[in-house]
Amino acid sequence: MSKTNTMERQAFLTLTTSSQWILFLAIGLIIFSWVEKKRLYQQLGQGTFVLLGLFALWILLTDQIVLPAVVSDQVVPVEAQALSYFSGLLISGFVAIVAFLLGQAKPRWARFFNMGLVAIGLALFFMVYQLQRV
C-alpha cells in the first residue's frame with residue numbers, strides 16, 4: 001500500500017470512527033432518556049443526531065471521501081458504501097429535527113420518531129462497523 005493510500009485510509013477511518021462514536025453517544029442519550037424519563041437527555045440525543053447530520057452534510061458537500069474508478073464487474077468500493085452511511089446520517093439528522101419539533105408540540109408522536117431514530121442509528125452503527133472492517 002502506498003503512502004498516499006495509507007493517508008487516505010487513515011482519513012477515511014478518522015471520519016467514520018469519529019462519527020461512529022458520536023452516533024453511539026446519540027443512541028445512548030435517547031435510550032437513557034427513556035430509562036430515566038428525562039426529556040433533557042432526549043433533546044441532547046436529538047441534538048447530537050442533528051450535529052451528525054450537519055457533519056455528514058459537510059462530508060458529502062466537500063468531497064472528503066474520494067471514490068476510486070470502478071470497473072463494471074468490480075464490487076462496490078468501501079468509499080461508495082461510506083457515502084451511503086453518511087447519507088443515512090444526514091437523513092437521521094432530519095428525523096431528529098422532526099422528533100424535536102414534535103416533542104415540543106405533541107410529545108406522544110415524538111416517541112415514535114425517537115424509536116425510529118434509535119432504529120436508524122443502530123442500523124447505521126453496524127453499517128459503519130462493517131465498513132471499517134474492510
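Start with the aromatic rings: a search of the whole of this predicted model finds 7 aromatic pairs. Select Trp 21 and Phe 24, whose pair is edge-to-face, with 6.3 Å centre to centre and 85 degrees between the planes. These two residues are 3 residues apart in helix H1, which means that about one helical turn separates them. Is Trp 21 buried or exposed? Its relative accessibility is 58%, so Trp 21 counts as exposed, the cut-off being over 50%.

Next, select Leu 23 and look for its contacts beyond the neighbours within four places in sequence: Leu 23 is in contact with Phe 49, Leu 52, Tyr 85, Leu 89, Gly 121, Leu 124 and Phe 125. Leu 23 also belongs to the largest nonpolar core, which has 24 residues, and is listed with Phe 49, Ile 65, Tyr 85, Phe 86 and Leu 89 as having the most contacts inside it. Helices H1 (3–36), H2, H3 (78–105) and H4 (107–133) each supply at least two residues of this core, and H3 gives the most, with 7 residues.

Finally, colour helix H2, residues 39–61, and compare its ends: at 1.5 Å a residue its 23 residues should span 33 Å, and the end C-alpha atoms are 33 Å apart, so the two values agree. Along H2, the buried residues include Gln 42, Gly 45, Phe 49, Leu 52 and Ile 59. Just after H2, stop at Asp 63, which takes a positive phi of about 55 degrees.

How values were computed:
Residues are numbered from 1 along each chain as its sequence is written. This is a predicted model: local features need pLDDT of at least 70, side-chain atom pairs count only at pLDDT 80 or more; totals for chains, interfaces and linings use all residues. Side-chain values use heavy atoms; hydrogens and water are left out. Helices (H or I, at least four residues) and strands (E, at least two) are DSSP runs, numbered from the N terminus. The expected span of a helix is 1.5 Å times one less than its number of residues. Buried means under 20% relative accessible area, exposed over 50%, partly exposed in between (1.4 Å probe, protein chains only). A nonpolar core is a set of buried Ala, Val, Leu, Ile, Met, Phe, Trp, Tyr and Cys residues joined through side-chain atoms within 4.5 Å. Contact means heavy atoms within 4.5 Å. Rings of Phe, Tyr and Trp (its six-membered ring) pair if their centres lie within 6.5 Å; planes under 30 degrees apart count as stacked, over 60 as edge-to-face and the rest as tilted.
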